[in-house]
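Please examine the sequence and the three-dimensional structure shown here before reading the report.

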Amino acid sequence: MGSMKLDLYSRIYPEPVDHFDMLPDSIILIIFNKIGDVKALGRCCVVSKRFHSLVPQVDNVVVRVDCVISDENSSISGTSAASASTADKSRHPISSLFRLFFSGLYKSLTQLMTSSPRRPIVSNSEDFNFNMDQNSVTHHSPTQVLKNFDEIKFLKIELPNGELGIEEGILLKWKADFGSTLDNCVILGASSVIQAANAKKCSSVCNNDNNGAESDNGSIPESFYTNGGLKLRVVWTITSLMAASARHYLLQPIIVEHKTLETLVLTDGDGQGVLSMNKEQLEELRVKPLSASSASKRTLVPALSMRLWYAAHLELPNGSVLKGATLVAIRPSEQPKEVLGSEASWVASAFEEPFGTAARMLVKRRTYCLEMNSF
């Protein structure tokens, strides 16, 4: 009789079923890899012991940095530190090495990083370091956050903004590939961007400004050399290379720590710069340590061969117009000449649309060659 009542009770009030318990680990890992975001994965860690054991096996991780604090202001906490770093960047964008922090992380992420959540985490001096703000919110560096991931293959780190403090209205984008040193870099810049809605209004003005100075073969007008146009492009090139080499330098501890990495991308929320490394380039860095610049904490940039394309007025298919459009393709001078001459295959794919189209249009114009010493 008692068993009949128990059976009837279980039918009326069945025990809740955890459908995740019915899934194999391989399926849950696929879900976690789709999530990717390291903070969300940190929250998953506290759901169950099973999730806590599976999260470190995730191979596709996305790390979004909340704020960037310079060395000079690393002792300043919270919002004031972020504001101080922004002000410092506006004075000189590459004046100091930037440190990366996560703010407002949850306790679950702390549990992901250490087996004893109550134990204070102490970073090595070689890491990016972290701090405690006035509200006792822990800031973790990407190196620290990634320590308990064992099988990362694809890693993306996103900074809150680009390092280069450019004037409003100027377009400046770069993409660089690194091994133990720079493999190649593409830079796209323009003195101003006229959106499609305003392009027709300005078309006649732009044409009058050219006054035929730029010929059909894409020759650079003489005024480009005398009005500071060339000097400005040189500044864009050098600062972009310095930003890329500083990012590369900061990635070394992560690359050494995670030998399973196959793809690494370091970008920013502004879409200003992208640094990427594939499996062969990552392995090259592990085997052949990078050469650091003696002047600052960044990778030494080798002697370079550069090719430049310029258009005073470049109208894109979507109707927008780039004024003073400039494309620079950069490779180390020691690379074979036949490699240096094959820009179209990698320059055209360096940027997303509509800037990819702009690069393809510029590379068809007259080419100007430049050389730059190591720095």
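The structure is a predicted model.

**Aromatic pairs**

A pair of aromatic rings is described by two quantities, the distance of the centres and the angle of the planes. A search of the whole structure finds three aromatic pairs. Two of these are listed in the table.

| Pair | Centre to centre | Angle between planes | Arrangement |
|---|---|---|---|
| F32 and F51 | 5.2 Å | 90° | edge-to-face |
| F224 and Y225 | 5.8 Å | 85° | edge-to-face |

The planes of F32 and F51 stand at 90°, and an angle over 60 degrees counts as edge-to-face. F32 belongs to helix α2 (residues 25-35) and F51 to helix α4 (residues 49-54), so this pair ties together parts that are 19 residues apart in sequence. Both F32 and F51 are buried.

F224 and Y225 belong, together with Y310, to one aromatic cluster. Is F224 buried or exposed? F224 has a relative accessible area of 3%, and because buried means under 20%, F224 counts as buried. Y225, by contrast, is partly exposed, at 41% relative accessibility.

**Helix α2 and its surroundings**

Which residues of α2 are buried? They are I28, L29, F32 and N33. Viewed down the axis of α2, these buried residues fall within an arc of 140°, so they line one face of the helix. In general, an α-helix has 3.6 residues a turn, so residues three or four places apart point the same way. The elements that cover the buried residues of α2 include α3 (38-44), α4 and β1 (60-64).

A nonpolar patch on the surface is formed by F20, L23, I27, I30, I31 and I35. Together, these residues have about 440 Å² of accessible area. One of them, I27, is found in helix α2. I27 has a relative accessible area of 35% and is therefore partly exposed, whereas I28 is among the buried residues of α2.

After α2 comes G36, whose phi is positive, near 75°.

**A loop glycine**

Where does G162 lie? G162 is located in the loop between β4 (154-159) and β5 (171-178). With a relative accessible area of 3%, G162 is buried. In sequence, G162 and G271 are 109 residues apart, while in space they are 7.4 Å apart, C-alpha to C-alpha.

Terms used:
Residues are numbered from 1 along each chain as its sequence is written. This is a predicted model: local features need pLDDT of at least 70, side-chain atom pairs count only at pLDDT 80 or more; totals for chains, interfaces and linings use all residues. Side-chain values use heavy atoms; hydrogens and water are left out. Rings of Phe, Tyr and Trp (its six-membered ring) pair if their centres lie within 6.5 Å; planes under 30 degrees apart count as stacked, over 60 as edge-to-face and the rest as tilted. Helices (H or I, at least four residues) and strands (E, at least two) are DSSP runs, numbered from the N terminus. Buried means under 20% relative accessible area, exposed over 50%, partly exposed in between (1.4 Å probe, protein chains only). The arc is that of the directions from the helix axis to the C-beta atoms. Contact means heavy atoms within 4.5 Å. Patches are made of residues with over 30% relative accessible area and no salt bridge: like charges are joined within 9 Å, nonpolar side chains (Val, Leu, Ile, Met, Phe, Trp, Tyr) within 5 Å. Accessible areas come from the Shrake-Rupley method with a 1.4 Å probe; for residues, only the protein chains shown count as cover. A salt bridge is a side-chain nitrogen of Lys or Arg within 4 Å of a carboxyl oxygen of Asp or Glu.
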